[in-house]
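Here is a short report on a structure with more than one part to look at. Take a moment with the sequence and the model, then read on.

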Amino acid sequence: MTWISKARLKATLKAYLFLAPFLVVFIGLVVYPIGLGVRLSLYGQRGARMWYVGLDNYKRIFADSMFWQSFKIPLFLLLVQVPVMLFLATMIAFLYETRKGGGPVYRFIYYLPYTIPGIVSGIVWSYIFSDSMSPLHPLLSLFGLENVKLLTRANVPGILLVIILWQFTGYTAFLVYSSLIAIPKEYSEAAQIDGAGLWQIAFRIKLPLLKGPLITLFIFNAIGAMQVFNEPWMLGNLVVLPLNYTPAMYIYNSAFSQGRFTYATAMGVILAVITCAFSWYILRSAGRQILGRRD
Amino acid sequence: MKRVALALLLALALSVGVCAADYYPEYTGPPVEITMWAWTSNENYSIEEFQKVYPNITVIWEDFGVHYEKAQTALAAGSGLPDVLMVEYSFAPEYMDLGAFQPINKWLDEETFVKLYGEQALGWCSMDGEIYGTPQDSGAIALFYRQDLFDQYGLEVPTTWEEFAEQARKFKAAAPHLEFNAPPLGYALWWVGLVWQSGGKMFDYHDGNWYIDFTNPIAEKVFEFWGELIDEGTINVTMWWNADWYNSLNMGTTATVLNGCWFAEWLRYNAPDSEGMWRVIAPPNFDPSNPHNGMLGGSGFYVTAHSKNPEAAAIFVNWLNSHPDSLRCLNQYSNLPIMVSTRYEEVVHELAVDDSFFGGQNIVEELWHAHNLINTTFVGLPIWSNLDNALSLLLQDYVDGKIERFADILPMWEEQVIGFMEEFGYFNVIVGELPD
């Protein structure tokens, strides 16, 4: 080829060689299954019998109130848990910074919950909120609250909030902290010379500089909220939760307890589209602000 | 005289031999390997015995934590099911209806099936005259009760539901912090089982039609009975199979449990601190002169549509669930109430021993008695997980105060179930009547 120089071709090939391990796994385990899922979602299925139905599954899902109701919990988490967690994590990261060497012991301790698999912590938390064994009952009785039923269906969103905050705040703080130490020292030194206090530096100088990483974290956690499964699944052993408590639970139950695989696949595709569209929207509007772009 | 006895014995042995040969046909194919998915423990002892008799059939037993999920996936994929699949009787109609199994009448005809497993078992293992598998354990309902609490509060073991209610009220008055009986919040098997136990049913399948009638007199009577006790606060529904419930059984805060007879084994392993306290008896009846029983759980072993060796698989499932050598192993190592097979009678007396966990009671005999009271059967609906979840949500609504009268749940449940049948494409549904 004459329109591409040899050196450039070589560089491109080299780049792909380095990308190959990622690409193989990504295409094999993400792109290919999604493509297969899209194809499956165009079929009707009962047992081993499958027949082409075109967009019928999608039409049914748009009319399936069970599917849309399942977004209540993700929305609650998105609007409450994610902002609260990002705020707490940022505060904790600022506190890390005030310690010598970033408070390695605290960082370690706060990071620990993240290392416990969600299912395992779900079991432990369900004991903590159980009727007969909860260690919270003696505490509550100190305040004159005897025999309070903690795990009721109405309390589940609150309990989810506690579990997810417990599990991910330390991890998020760790990520925020690592962005924090990447901010050049000169900024805060200059501010200090100008007479700014510790918290003033934190909120006026550092926080705006953390905007990029915080938006990324927001998107990651928003995706997590959309897909929440482990925690409500475990709590479902102690209190009756509907099959469609979250979108992921509804997809799982539709496939594995009702055997409606293609319908579940179509819901999965819709969930993926919603998640992608949401991330794209946030990135785009946030990108404009960060880069000061004006179209 | 001695010679006559000997001759008789010989004749008997011969006739048993002939019979046995009829029950278990010879395997004529080439050496094969078949796979089986089952979650029960220690099936390998029976398999070893089987392979001694059928050296050309090798059985590979696999056990996964996600049994039904894997089975549903393989079924939808059109390949990947093992030769033999263990399925609970309540879920079996769904699998039969979906074409997950293949008929084995060629190797186990209906006459032999009925001889080996009884007429009722046809309802759990066959549909439209096609036999798909064999039943293993019994879910015959039994009343498990705490002797220590009965002694302490001067209670009498009830034989009628009227007496049961009387004892429940007496107990509640004496020990308001304890539960006399805590029916499950959900667990449709239990509620359907108790209707069955009173000689009734709520649905069935006959000649290509599904029948649904939840508000028939027997079902209503059962729901009114429990509804009265629950509405007045004498007993409370509670969620089963979780940490709180295990704890209540272990610590003795619940005086009685109505459950399938496999529960004896479950208690032994999950409530070890209650050793010696429990006793078992056949459940109360509305009319003790005409007693019935029903089942709660129990599983069969079915030959799947994906099996390439249905002959070997059919011979195996039949041998596994009826041959005395296998029944002995399943009783001894898997601790299962494998009482569905009529040949259990041949081994029951050697298996029936005093059980220290049950305070020295000979529970095998009691459970065998409970099992033999089962005298009706029906086919479950092919949408069991929806049926189950619908009831759970209604009971939770009741607990949350959204439904005032417990017995009102029954028609609401029926309405939802009818809706599910339609949603899942079953239009051959007849509502408001049941076949005999």
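How many residues lie between E1(A) and E2(A) in their hairpin? There are two residues between these strands, and A:Gly47 in the turn has a positive phi of about 60°.

## About the model

This is a predicted model: local features need pLDDT of at least 70, side-chain atom pairs count only at pLDDT 80 or more, and totals for chains, interfaces and linings use all residues. Residues are numbered from 1 along each chain as its sequence is written, while chains are lettered from A and ligands numbered from 1 in the order in which they are written.

## The hairpin of chain A

Strand E1 of chain A covers residues 43–46, and strand E2 of chain A covers residues 49–52. Helices (H or I, at least four residues) and strands (E, at least two) are DSSP runs, numbered from the N terminus. The two strands pair in the antiparallel sense over four bridges. Strands count as paired if DSSP finds at least two bridges between them.

## A helix pair in chain A

Helix H4 (residues 72–98) of chain A packs with helix H11 (residues 211–226) of chain A. Their angle is about 145°, and their axes are 9 Å apart. Axes are lines fitted to C-alpha atoms, for helices over the stretch in contact, and angles run from 0 to 180 degrees between N-to-C directions. H4(A) passes H11(A) in a right-handed crossing. A crossing is right-handed if the near helix is turned clockwise from the far one by less than a right angle, and left-handed if anticlockwise.

On the H4(A) side, the residues that meet H11(A) include A:Leu77, A:Leu78 and A:Met85. Among their counterparts in H11(A) are A:Leu214, A:Phe218 and A:Ala222. Contact means that the C-beta atoms of two residues, placed from the backbone, lie within 7 Å. By class, this contact has 12 nonpolar, two polar and no charged residues. Ala, Val, Leu, Ile, Met, Phe, Trp, Tyr, Cys and Pro count as nonpolar, Asp, Glu, Lys and Arg as charged, and the others, Gly among them, as polar.

## Where the chains meet

In chain B, 24 residues are in contact with 22 residues of chain A. Three helices of chain B each supply at least two residues of its side: H3 (67–77), H11 (243–251) and H17 (384–399). The largest share, six residues, comes from H17(B). The chain B side divides into eight nonpolar, 13 polar and three charged residues.

## Two domains in chain B

The domain assignment of chain B gives domain 1 (29–138 + 298–351) and domain 2 (141–295 + 376–431). Such bounds come from an automatic or database domain assignment. The C-alpha centres of the two domains lie 28 Å apart. Their contact takes 14 residues from domain 1 of chain B and 15 residues from domain 2 of chain B. Helix H4 (residues 92–97) of chain B gives the most to the domain 1 side, with three residues. That side has five nonpolar, six polar and three charged residues.

## A helix pair in chain B

Helix H14 (residues 324–333) and helix H15 (residues 344–351) of chain B pack at an angle of about 40°, with their axes 9 Å apart. H14(B) and H15(B) are therefore oblique to each other. Angles under 35 degrees count as roughly parallel, over 145 as roughly antiparallel, 65 to 115 as roughly perpendicular and the rest as oblique.

H14(B) passes H15(B) in a right-handed crossing. B:Pro324, B:Leu327, B:Arg328 and B:Asn331 in H14(B) meet B:Tyr344, B:Glu346, B:Val347 and B:Leu351 in H15(B). These residues divide into five nonpolar, one polar and two charged.

## Two sheets in chain B

One open sheet of chain B has three strands in the order E9-E10-E14, with mixed pairing. Its edge strands are E9 (203–206) and E14 (429–431) of chain B, and each pairs on one side only. Four bridges join E9(B) to the antiparallel strand E10 (residues 209–212) of chain B. There, B:Phe203 stands opposite B:Ile212 in E10(B). Helix H18 (residues 409–423) of chain B packs on the sheet and touches E10 and E14 of chain B.

Another open sheet has four strands in the order E8-E11-E7-E12 (chain B), again with mixed pairing. E8 (179–181) and E12 (278–281) of chain B stand at the edges with a single partner strand each, so one side of each is left without a neighbour in the sheet. Four bridges join strand E7 (residues 141–146) of chain B to E12(B), and the two run antiparallel. B:Val280 in E12(B) is the bridge partner of B:Phe144.
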